[in-house]
Amino acid sequence: QVQLVESGGGLVQAGGSLRLSCAASGSFFRFNTMDWYRQAPGKQREWVAIITSGGSTNYADYAKGRFTISRENAKNTVYLQMNSLQPEDTAVYSCATNRAGVDYWGKGTLVTVSS
């Protein structure tokens, strides 16, 4: 069974930084592509970034240059380093992956950016 647990959210002032973590259960992790998503209050969930098993990355346009996704296979963990945060980045951030055709999601961690 796949379990994903996010951490690292919190309250930060505009211009600040946070690093989110997503810990995954199971030996599948090193073989899986991992994504970060976010959902702001009253808005639809949107994709943030992706990292493949080989370490290739891609980002949503709003995240390019400010956010960095990385992974540490020895710890079954994927990270999202977020810099230059703005109030519009306020959202619940969740990690996700797919295994055997099934999507798995963590419960998310709340990031609040004050102006």
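## Nonpolar core

In this predicted model, the largest nonpolar core holds 28 residues, among which Trp36, Leu80, Met82 and Tyr93 touch the most other members; such a core is a set of buried Ala, Val, Leu, Ile, Met, Phe, Trp, Tyr and Cys residues joined through side-chain atoms within 4.5 Å. Strand S3 (18-24) gives the most to this core, with 4 residues. Strands are DSSP runs (E, at least two residues), numbered from the N terminus.

Residues are numbered from 1 along each chain as its sequence is written. Local features need pLDDT of at least 70 and side-chain atom pairs count only at pLDDT 80 or more, while totals for chains, interfaces and linings use all residues, and side-chain values use heavy atoms, with hydrogens and water left out.

Strand S8 (residues 77-82) is joined to S7 by 6 bridges, and Glu72 stands opposite Thr77 in S8.

## Salt bridges

The count comes to 5 salt bridges, each being a side-chain nitrogen of Lys or Arg within 4 Å of a carboxyl oxygen of Asp or Glu. Arg38 meets Glu46 at 2.7 Å, N to O, and Asp89 at 2.9 Å, N to O; Arg38 and Asp89 lie 51 residues apart. A network of salt bridges links Arg38, Glu46, Arg66 and Asp89.

Arg38 is buried, with a relative accessible area of 7%, and Asp89 is buried at 1%, whereas Glu46 is partly exposed at 32% (buried means under 20%, exposed over 50%, partly exposed in between, with a 1.4 Å probe and protein chains only).

Key: Pairing = 2+ DSSP bridges.
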